[in-house]
Amino acid sequence: MSATFLGMPGSFPENSAAAVQNSQLRYNLRKATHTIRGKRAGVVGELPDWPELRAAGKAIKDHTLRNLDRYLIRMEEAVTAAGGTVHWARDAAEANRIVAGLVKATGETEVVKVKSMATQEIDLNQALAEQGITAYETDLAELIVQLGDDFPSHILVPAIHRNRSEIREIFLDKMPKVPENLTDDPPALAEAARLHLRERFLKSKVAISGANFMIAETGTLVVLESEGNGRMCLTLPETLISVVGIEKLLPSWRDLEVFLQLLPRSSTGERMNPYTSMWTGAVEGQDFHLVLLDNGRTDVLADEVGRQALRCIRCSACLNVCPVYERAGGHAYGSVYPGPIGAILTPQLRGMSSDLDASLPFASSLCGACYDVCPVAIDIPEVLVDLRAKAPHAAAERAGMKVAGWILNDHERLAKAQRAATRLRKLVPRRLPGPLSAWTDTRDLPEIPEESFRDWWERNERA
């Protein structure tokens, strides 16, 4: 996985501190997330068996991940039998080489894209550009981000940080053939994008997609979307290349039924998506290639606590309820996966060698709202705490923890430390010095009591 698609030198606290100063950003985020959150609550409340569906989704995903090797082979066999070609990519560099080679083999220099978070993860657009190939995003929000030389900040609504006035200015500045009298009325903006994209759809001979799900039983790929651009990308081009993370697998059609109820309600707040496209192998003479992407996923799978992040179906429900995301926005996370799920998935995929990645497990209040809404019951707070223990810590912090452990592991040492603290209580400053000052920057230091509970208990027992 690339270092960070934003190239941010700072940590999450530094990035978010700058983001919260943007009042327009905070307003845009609050309005959008609360709207989606309300719609989700309404349609989820319609299902009396939602807890059972959630448990079923978790169980199916866990079973698949435990048997991932077997189901991946079955997927490859089914796709190959249906006339498609399967490629295996260990990392981002290998996936980018495969896709660039496939596009160059067609002789084309332009591609259209749909439903492709995995390609954003590996920075495919930049890799193709270096090979003289231009990639055009076709999802409306992705198009806005691309035209604005911006970066996505939400899983479901990548341009959530933009309001319609900003979108109008982007279209006028960057989109060819846009009428000068374009207004910021949503239907007018959508129509301008439709006319622009229709030309791309009709001209492009190569398309690149991701997938929401893969069905090992039949080799079928599934894309859920709301605009119709997916249907255009998947059917019109002569060559279709799908780049999909290996964790997107489901064993059978029967399993898909569960997720077609969970995903739309959790993501868009709809009972089902307007467009659900499915294809198996090379259909109607189309040349089909499936690139199965690892890029750190097998390492995540080896972690007994962290592997539950691979259950994620990219619904974004956790982002829409997260108080930290609502105020900081997605860019502060420095990854295509922002919010609570990004805080646990990104450090596992990329490692925690950089300041940014090491800080992501701390980008949470641990309120647990993300776990409550997750349709596949990922215990995000549990993984966050586990990753915090694995993150690099300053020497002073490590030394402090060793001293605390030495004291707390022996009741006599603890009693002596408590008595010493009560005697010196008046000398303790209200704000801690040096490296410890960050703790008291945002909270009060608890007052040390005149007498420890241990001493109080012994005195009253004697009495």
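The confidence of the prediction was considered next. The chain has a mean pLDDT of 93, and 98% of its residues reach 70 or more. Over residues 1–7, however, the pLDDT is below 50, although this stretch has 23 contacts in the model beyond near neighbours in sequence. Where pLDDT is low, the predicted coordinates should not be read in detail.

Among the helix pairs, helix 9 (residues 164–174) and helix 10 (residues 186–203) have axes that come within 11 Å and cross at roughly 30°. Because angles under 35 degrees count as roughly parallel, helix 9 and helix 10 are described as roughly parallel to each other, and the crossing of helix 9 past helix 10 is left-handed. On the side of helix 9 the contact is made by Arg164, Ile167, Arg168 and Phe171, and on the side of helix 10 by Pro186, Leu189, Ala192 and Ala193. By class, six residues of this contact are nonpolar and two are charged, while none is polar.

Helix 21 (residues 411–423) takes part in a contact with helix 20 (residues 395–408), the two packing at an angle of about 110° with their axes 6 Å apart. Helix 20 and helix 21 are therefore roughly perpendicular to each other. Trp406, Ile407 and Leu408 of helix 20 make this contact with Arg413, Leu414 and Ala417 of helix 21, a set that comprises five nonpolar residues, one charged residue and no polar residues.

Helix 21 also meets helix 23 (residues 453–462), and here the axes come within 9 Å and cross at roughly 100°, so that helix 21 and helix 23 are likewise roughly perpendicular to each other. In this contact His411, Leu414, Ala415, Gln418 and Arg419 of helix 21 meet Arg454, Asp455 and Glu458 of helix 23. The residues involved divide into two nonpolar, two polar and four charged.

Methods. Residues are numbered from 1 along each chain as its sequence is written. This is a predicted model: local features need pLDDT of at least 70, side-chain atom pairs count only at pLDDT 80 or more; totals for chains, interfaces and linings use all residues. Side-chain values use heavy atoms; hydrogens and water are left out. pLDDT is the predictor's confidence in each residue, from 0 to 100. Contact means heavy atoms within 4.5 Å. Axes are lines fitted to C-alpha atoms, for helices over the stretch in contact, and angles run from 0 to 180 degrees between N-to-C directions. Helices (H or I, at least four residues) and strands (E, at least two) are DSSP runs, numbered from the N terminus. Angles under 35 degrees count as roughly parallel, over 145 as roughly antiparallel, 65 to 115 as roughly perpendicular and the rest as oblique. A crossing is left-handed if the near helix is turned anticlockwise from the far one by less than a right angle, and right-handed if clockwise. Ala, Val, Leu, Ile, Met, Phe, Trp, Tyr, Cys and Pro count as nonpolar, Asp, Glu, Lys and Arg as charged, and the others, Gly among them, as polar.
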